[in-house]
Amino acid sequence: MDLNQQFGLYEEYVKATLGHFPVDQTKLNCIAVFKALAELTDEQKLNGAEFITREMLQTRVSERYAANANARRQEVNKYLSQRFRIGSDIEPDFVQFMLEGDSTVYSRADNVDAGSKRTAYRIADFPKKDKLIALLRRLDLTLYLLPKSELTLQGIFTAYLGAFWPYSSMQKWHENYAQFTRKLRSTDQITDEQLTQLWGKQSNGIALIKQGVTPAKEVVSAKNHLLKITSLLKNLSNNNRYQESLGIMDKASEDNSISRRYFSVLNRTAVAFDSANLTFPVDSNTMLKFVRFMNDAFNLNIDCKQADWYELSTNLKKAVAGNLAEDVDPLKVNIVLWRINDQQDALKNLLSEQSQMNEPTENDNSQGENNVSLISEPLNQILYGPPGTGKTYHAIEAAVKAAEPEFKWQKRDELKAEYDRLVAAKRIRFVTFHQSYGYEEFVEGLKAKTTEDKSIEYFVENGAFKSIADDAKSTAIRKSFEVSSDATIWKISIDSTGKSEVSNHCLANSIAAIGWGSSGDLLSEELDDNEYYQKLGPQVKSSLSEFSQRASVGDLILCIGSQRTVQAVGVISGNYHFEPKGTSVYSSYCNQLPINWLVTDINIDFHALNGGVNFTQKTFYELWRFSVADVFELLNTHGVHINSIESEQNKTENYVLIIDEINRGNISKIFGELITLIEPSKRTGEGQKESLTLNLPYSGKPFSVPDNLYIIGTMNTADRSLALMDTALRRRFDFIEMMPSYDVFSEHGVLNVGSVQVDLAELLKTMNQRIEVLYDREHMLGHAFFIPVVELITAKNHSQALIELKNVFKNKVLPLLQEYFFEDWNRIRLVLGDSKKSKSDWLVQISEQSFNDIFGADHGLGNFDTAPKTYQIASFDDRSIWDKPETYQAIYSVKKTPDTADETNTLESRED
């Protein structure tokens with residue numbers, strides 16, 4: 001049996017098992033026990049022990065997986081006895097054992113009777129044994145083995161904080177992290193060595209930054225700037241100092257001390273000095289996505305709007321601290337947060353499983369607030385209506401139905417989870433139109449790029465619409481051959497250009513290999529000390545760096561045949577590895593990537609597709625002038641058909657583009673010729689007889705819109721009337737009106753405070769009736785503004801609901817009324833019903849003063865000093881009129897009081 005081959009199969013098996021939800025518990029237990037055996041094997045090497053006793057293994061499983069120790073102890077027995085006889089299980093292939101009273105070493109192939117008592121175990125020796133052990137040690141099973149009831153923020157932290165075991169990767173990380181920060185704190189002046197560790201090392205014990213650390217020469221050239229930044233971060237106490245450090249980095253960039261701004265390295269340095277208040281991840285975009293994920297998963301309510309990395313980091317640390325004991329090591333908290341960040345996909349699925357365990361309630365509204373029927377999804381539709389009527393809310397529903405027509409849900413959380421999955425897969429994308437948005441951002445436009453020789457080159461960059469259209473066209477091929485949704489395209493020269501023994505070997509053995517093997521493993525921390533590597537030229541180093549660090553699973557790779565042609569196209573199917581033996585032909589080709597070569601032995605000219613530019617001599621670099629869809633289209637044009645695997649799993653997928661605020665953009669300017677191509681009859685696809693293809697103005701490439709791309713727009717009619725919409729756009733879209741819905745208040749829409757009841761449906765309906773008379777129906781108030789109040793009523797927290805109602809009027813209703821009526825205060829008073837109330841109950845107070853009162857007797861304004869009126873919204877201070885439920889009741893249920901009837905009538909006639 002070839003255990004090297006079995007290792008590859010097992011690696012895929014583990015990935016598939018942990019990526020399929022719900023996870024098969026028996027398979028999970030088997031992986032956990034095998035992981036325990038690998039850990040003990042690695043740890044016992046120090047003691048020279050060759051075998052792991054059954055008792056040691058059972059003890060380890062009980063300690064590490066104590067939540068269900070009994071069941072897993074039984075699984076140990078099954079796993080290490082009966083499971084040797086189950087042919088589909090892979091793990092026993094790697095395990096050797098001894099029997100009681102017998103020193104012979106047995107394996108699965110010996111077919112030992114299941115009833116024989118096995119007393120000790122070891123992992124068989126084979127070339128990739130260390131890689132197998134490393135794979136198992138790295139596996140993070142914490143969340144998978146956690147009971148569903150403990151999938152809370154506190155439960156997850158408790159589990160992870162208990163996992164800092166001796167010899168574990170988390171414990172090793174913590175030791176290095178603590179040692180490095182301890183040295184930093186004990187040093188008054190930052191040494192050159194520490195400066196290099198902070199700014200120039202990929203890994204310094206705190207966090208690994210695979211790409212974007214400061215090159216050694218720039219650490220020297222920018223030393224003064226970096227020392228200033230480091231000094232600021234060492235005494236970091238607020239966001240002002242953080243912003244100051246960013247300013248210094250800007251100066252360093254402006255005077256060319258550094259070639260780019262190293263924000264991730266700066267953030268890592270900030271964490272190094274203040275781990276008590278700052279946390280990971282150090283990349284700003286990753287931090288934003290992580291905080292949003294934590295908000296969704298654990299309701300942390302961290303404000304992400306316009307927040308920078310420092311604010312997100314500190315706020316996340318504060319939010320998490322509320323769920324932990326005060327004496328928890330902040331370094332461990334940071335490590336756990338990093339683990340959670342790495343396990344986002346698994347946690348999303350596990351939380352989704354947990355929510356599905358709860359039976360839907362009788363009152364659960366599975367179709368959302370408005371119950372608008374969006375069952376049959378048109379290719380182009382616009383949801384329009386006044387503010388707060390649930391347009392964006394229902395756009396999510398419409399998008400999921402378009403992308404996955406067969407998806408069913410019982411609760412909104414299930415719908416949102418599916419939406420997030422589709423967004424992560426880039427099958428649903430979101431853009432917002434505004435006055436400055438143009439064709440170049442939406443379809444394609446010219447963009448400047450600095451080349452490696454520091455010259456400026458202009459290239460055509462795809463916009464949001466063209467990108468998603470290209471992906472929609474190539475969805476079947478992408479899915480069949482596991483091409484990533486954001487795949488990078490790489491050019492590689494294997495042993496120069498054209499065919500050679502090395503390239504033939506690589507194409508035949510599903511790998512890509514490049515030379516310079518004397519550099520050693522390119523991911524090794526000793527790389528900077530390798531003399532051979534340091535003598536290499538910058539282009540070679542760049543190729544090696546991109547090959548080992550940037551190239552990712554799912555990227556497309558083109559093996560060139562000449563300066564203009566390509567001889568093979570493939571997909572990267574695994575991570576970089578260093579093969580000391582090289583290829584069978586040359587021992588120096590040690591740097592390798594696993595490749596699924598889709599097509600070989602071709603000779604297709606890519607010169608035109610590459611913008612009329614030849615491929616350069618550089619061995620490995622990114623091709624950015626064309627897309628994945630362009631590659632497959634060119635192959636198809638030349639009669640090279642890469643047939644996707646037709647199956648239920650690999651069928652053509654639908655894509656959705658949501659355009660928020662579609663009416664705020666200049667439609668003719670943004671869509672250009674696409675206004676014709678988006679028509680359903682002009683789309684390309686199976687059975688389309690009138691499809692059109694046009695040449696785009698910048699790239700000159702043919703372009704069409706596929707029939708599996710849906711466009712959903714949202715439109716706020718308070719910003720712009722439907723009547724003013726571009727006629728061409730109106731003809732090509734289905735318009736679905738979203739008006740205020742009063743049905744959402746039918747079950748929990750009455751606020752009870754004492755003996756007073758406030759009917760939210762009547763309140764909103766009355767105000768909207770008045771707005772429609774005074775303005776129009778396109779400027780009504782939406783029901784969504786009042787949903788937080790309904791939620792509190794549903795939770796039977798009526799006192800808090802009253803406070804929330806006050807906030808709705810303060811922050812939503814009144815600002816909108818002021819905008820609608822251009823501060824025509826009398827009309828605002830009419831909407832609020834002040835014309836029917838006594839003066840003491842007015843929500844908009846009126847005061848009158850003469851010019852003499854304001855300016856004094858000698859004001860010189862003549863004798864036309866009619867008493868000017870000033871308006872003031874009633875105070876929102878505590879215990880104000882807004883804190884009384886009668887105030888809201890009076891808006892829709894009031895009668896004109898006798899003592900103020902004349903005064904009110906006079907006021908109204910005077911204002912009119």
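Trainee: How many helices and strands does the secondary structure of the chain come to?

Mentor: Please note that this is a predicted model. The chain has 912 residues, of which 52% count as buried. Its secondary structure comes to 35 helices and 24 strands.

Trainee: What does Leu316 touch, not counting residues up to four places away in sequence?

Mentor: Leu316 is one of the residues with the most contacts inside the largest nonpolar core. Leaving aside residues up to four places away in sequence, Leu316 touches Thr279, Phe280, Met287, Phe290, Val291, Met294, Leu300, Ile302 and Leu337.

Trainee: What covers the buried residues of helix α24?

Mentor: Helix α24 spans residues 538–550, and its buried residues are Val540, Ser542, Ser543, Leu544, Glu546, Phe547, Ser548 and Gln549. The cover over them includes β8 (489–492), β9 (511–514), α23 (531–534), β13 (591–599) and β15 (620–623).

Trainee: Which are the edge strands of the open sheet formed by three strands?

Mentor: The order of the sheet is β1-β3-β2, and the pairing is antiparallel. Five bridges join β2 to β3 (residues 118–123). A strand at the edge pairs on one side only, and this holds for β1 (52–53) and β2 (95–99).

Trainee: Which residue in β3 is the bridge partner of Gln96?

Mentor: Strands β2 and β3 run antiparallel. In β3, the bridge partner of Gln96 is Arg122.

Trainee: Does Ile456 count as buried or exposed, and why?

Mentor: Ile456 lies in strand β7 (residues 456–462). Together with Leu446, Tyr458 and Tyr698, Ile456 makes a nonpolar surface patch of about 450 Å². A residue counts as exposed at over 50% relative accessible area. Because its relative accessibility is 52%, Ile456 counts as exposed.

Trainee: What is the accessible surface of the chain?

Mentor: Carbon and sulfur atoms hold 46% of this surface. The total for the chain comes to about 43700 Å².

Notes
Residues are numbered from 1 along each chain as its sequence is written. This is a predicted model: local features need pLDDT of at least 70, side-chain atom pairs count only at pLDDT 80 or more; totals for chains, interfaces and linings use all residues. Side-chain values use heavy atoms; hydrogens and water are left out. Buried means under 20% relative accessible area, exposed over 50%, partly exposed in between (1.4 Å probe, protein chains only). Helices (H or I, at least four residues) and strands (E, at least two) are DSSP runs, numbered from the N terminus. Contact means heavy atoms within 4.5 Å. A nonpolar core is a set of buried Ala, Val, Leu, Ile, Met, Phe, Trp, Tyr and Cys residues joined through side-chain atoms within 4.5 Å. Patches are made of residues with over 30% relative accessible area and no salt bridge: like charges are joined within 9 Å, nonpolar side chains (Val, Leu, Ile, Met, Phe, Trp, Tyr) within 5 Å. Accessible areas come from the Shrake-Rupley method with a 1.4 Å probe; for residues, only the protein chains shown count as cover. A salt bridge is a side-chain nitrogen of Lys or Arg within 4 Å of a carboxyl oxygen of Asp or Glu. Two strands pair if DSSP finds at least two bridges between them.
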